[in-house]
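Q: Could we go through this structure together? I have not looked at it before.
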Amino acid sequence: EKYINSKDNISQIRTKFVANASHELKTPIFSIKGFVETLLDGALNDPKVNTDFLKKIYNQTERLENILTDLIDISKIESGDLKLNKKYLSINDILSFIDNSYKHLAKKKGLKLEIPDTKDLKVYVDKEHIETVFSNIIKNAINYSDTGKIVVSVKEINNSINIAISDNGIGIKNAVIDKIFQRFFRVDDDRPRKTGRSGLGLAIVKHILEGHNQQVNVRSTKDVGSTFSFILEKG
Ligand code: ADP
């Protein structure tokens, strides 16, 4: 009976996953379809709006791409296909990748991204996946902040390196803070910020860090800001 129960459970989880994933994909697809229909109905020949509609279609395809990337990542991870290729890397290389990838996005929103200059610390990690961890947390910090700065800090403590990423953003209320690492979970009241997000970013972060035998922590105060932190094994 236990066996049947657990099988039911797995198929329920699978069904829910497919339902959630389809729902996320539906919104940009409907939106693209709508813009294309409007263009075909005559807007194509209206120079006042045609470029604008194409830009909107382009943005929605980017959104689709982001959601798909997250879906592919999470299904690889959850099917046990997460193959970590750990190597000794310089933390500075990871930090400069992050700096190059996100400083423009932060600046565009009027936010400052502060990345420390550390001494040559080595970490033992899977490069691509740990970059995803940083990326997902920093993308959120940018997305859920309107002012202030995003500060990355790196502290060497015994055999580990403590990483913390803080923002002065909208914060997360206590009642839901335990849920933010669940797949597809998003805080209800930040609906306007949802565009382009899958609700999978932090679930992916959690899985990748677990693959490195680490966990992710969060401290947050509503309307004040959040700090996400984790430990990396020193190389
Ligand atoms: P999403 O793709 O929606 O950002 P995530 O899994 O990355 O999904 O995050 C889950 C939810 O946690 C977000 O929808 C948001 O409500 C909340 N959240 C994550 N990071 C932050 C942050 N830095 N500040 C405020 N809220 C956050």
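Q: What is the volume of the second largest cavity?
A: In this predicted model, the second largest cavity has a volume of about 30 Å³.

Q: Which residues line that second largest cavity?
A: The lining is made of Tyr124, Val125, His212, Gln214, Ile231, Leu232 and Glu233. By class, 4 of these residues are nonpolar, 2 are polar and 1 is charged.

Q: And which element gives the largest share of that lining?
A: The largest share, 3 residues, comes from S7. Strand S3 (122-126) and S7 each supply at least two residues.

Q: How many cavities of 30 Å³ or more are there in the whole structure?
A: A search of the whole structure finds 2 of them. The largest cavity holds about 380 Å³ of space. It is lined by 24 residues, and those closest to its centre are Asn140, Tyr144, Ile172, Ile180 and Leu202.

Q: Which elements give two or more residues to the lining of the largest cavity?
A: They are H4, S5, H5 and strand S7 (225-233). H4 gives the most, with 3 residues. Sorted by class, the lining of the largest cavity has 12 nonpolar, 7 polar and 5 charged residues.

Q: On to the helices, then. At what angle do H4 and H5 pack?
A: Helix H4 (residues 127-143) and helix H5 (residues 201-211) pack at an angle of about 145 degrees, and their axes are 9 Å apart. The crossing of H4 past H5 is left-handed.

Q: Which residues of H4 and H5 meet there?
A: From H4 come His129, Ile130, Thr132, Val133, Asn136, Ile137 and Asn140, and these meet Gly201, Leu202, Ile204, Val205, Ile208 and Leu209 in H5. The contact has 8 nonpolar and 5 polar residues, with no charged ones. Asn140 and Leu202 belong to this contact, and both are also among the residues closest to the centre of the largest cavity.

Q: Changing topic: what is the strand order in the open sheet?
A: The open sheet has 5 strands in the order S2-S4-S5-S7-S6, and the pairing is mixed.

Q: Why is one side of S2 and of S6 left without a neighbour in the sheet?
A: S2 and strand S6 (216-221) stand at the edges and each has a single partner strand, so one side of each lacks a neighbour in the sheet. On average, neighbouring strands of this sheet are turned by 15 degrees against each other, direction ignored.

Q: In which sense do S2 and S4 pair, parallel or antiparallel?
A: Strand S2 (residues 112-114) and strand S4 (residues 149-157) pair in the parallel sense over 3 bridges. Glu114 has Val151 in S4 as its bridge partner.

Q: How many bridges join S4 to S5?
A: There are 7 bridges between S4 and strand S5 (residues 160-167), and these two strands run antiparallel. Ile157 has Ser160 in S5 as its bridge partner, while Glu156 stands opposite Ile161. The hairpin of S4 and S5 has 2 residues between the strands, and Asn158 takes a positive phi near 50 degrees there.

Q: One last topic, the second largest pocket: which residues lie nearest its centre?
A: Lys16, Asn20, Glu24, Arg183 and Phe184 lie nearest the centre, out of 13 lining residues. About 290 Å³ of space lies in this pocket. Helix H1 (residues 2-40) provides the largest share of the lining, 7 residues. The lining divides into 3 nonpolar, 4 polar and 6 charged residues.

Note on methods. Residues are numbered from 1 along each chain as its sequence is written. This is a predicted model: local features need pLDDT of at least 70, side-chain atom pairs count only at pLDDT 80 or more; totals for chains, interfaces and linings use all residues. Side-chain values use heavy atoms; hydrogens and water are left out. Axes are lines fitted to C-alpha atoms, for helices over the stretch in contact, and angles run from 0 to 180 degrees between N-to-C directions. Helices (H or I, at least four residues) and strands (E, at least two) are DSSP runs, numbered from the N terminus. A crossing is left-handed if the near helix is turned anticlockwise from the far one by less than a right angle, and right-handed if clockwise. Contact means heavy atoms within 4.5 Å. Ala, Val, Leu, Ile, Met, Phe, Trp, Tyr, Cys and Pro count as nonpolar, Asp, Glu, Lys and Arg as charged, and the others, Gly among them, as polar. On a 1 Å grid over the protein atoms alone, a cavity is a set of points where a 1.4 Å probe fits but cannot get out, and a pocket is an open set with protein on both sides within 12 Å along at least five of seven lines; lining residues have an atom within 4 Å of a point. Grid points are joined across faces, edges and corners, and a volume is the space filled by probe spheres set on the points. Two strands pair if DSSP finds at least two bridges between them.
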